Amino acid sequence: MKIELLKADITEINVDAIVNAANTSLFGGGGVDGAIHRKGGKVILEECIQIRNRQGGCKTGEAVITNAGNLPSKFVIHTVGPVWNGDKEEKSKLLADCYENSLNLAVENGIKIIAFPNISTGIYHFPKDKAAEIAIKTVKDFDKSSQIDKVIFVCFDDENYEIYKEILENHE
Ligand code: ADP
């Protein structure tokens, strides 16, 4: 598995699957979630509603998959990051679950190239450096990594990009 770092808008990335930092309702929201639903069109929301009717949304740390509507990628994997409050250790575990469950869903769906945003580091206020360490460690430790060709970390803001760059270059 290769790891790549990009500074970009994830809605413009052409890969097998992009990951969405969704919320438990799966009804769309602000940040990257809003951008994905806006550009992807209502077919994504329709599938989210079906999932919600079937299983009642998506719990924090878990992931579900839909089509990608008008986006260049084939699928969107929606995962719900933890809000940074309360038990910090529990929140860190839940953030790792987001990456791991998204990767498992990718493997189950034959997805070879997957792009992640910086889950929970926007509206959910997870500290960016801690979130980046968890994201990179969880991806590197993924037990089925041979079944994924490439993971792309897509940073939208300079601060996250610099944090990821530092960790990926200096802590190999
Ligand atoms: P959360 O609620 O999980 O914190 P946010 O969407 O608020 O989710 O933020 C998660 C990360 O996604 C933030 O680092 C934010 O800068 C980034 N982000 C926002 N819009 C985009 C986009 N279009 N492409 C990639 N990343 C984005």
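**Ligand and helix**

Modeller: A polar backbone atom of Ile10 lies 2.9 Å from a nitrogen atom of the ligand. That is a polar contact, meaning a pair of N or O atoms within 3.5 Å.
Colleague: How is the model set up?
Modeller: The model is predicted, with local features needing pLDDT of at least 70 and side-chain atom pairs counting only at pLDDT 80 or more, while totals for chains, interfaces and linings use all residues. Residues are numbered from 1 along each chain as its sequence is written, and side-chain values use heavy atoms, leaving out hydrogens and water.
Colleague: What does an oxygen atom of the ligand reach in the side chain of Thr121?
Modeller: An N or O atom there, at 2.8 Å. A ligand oxygen is also 2.9 Å from a polar backbone atom of Ser120.
Colleague: How much of the ligand's accessible area does the protein cover?
Modeller: The protein covers 91% of the 570 Å² that the ligand has on its own. Those areas come from the Shrake-Rupley method with a 1.4 Å probe.
Colleague: And what kinds of residues form the shell?
Modeller: The shell has 8 nonpolar, 6 polar and 2 charged residues. Gly counts as polar there, and Asp, Glu, Lys and Arg as charged.
Colleague: New topic. What happens at the start of α3?
Modeller: A side-chain oxygen of Asp87 comes within 3.0 Å of the backbone nitrogen of Glu89. Helices are DSSP runs (H or I, at least four residues), numbered from the N terminus.
Colleague: And just after α3?
Modeller: Gly110 takes a positive phi of about 70 degrees.

Note on methods. A polar contact is a pair of N or O atoms within 3.5 Å; within protein, one must be able to donate a hydrogen and the other to accept it, and residues adjacent in sequence count only if both atoms are side-chain atoms. Helices (H or I, at least four residues) and strands (E, at least two) are DSSP runs, numbered from the N terminus.
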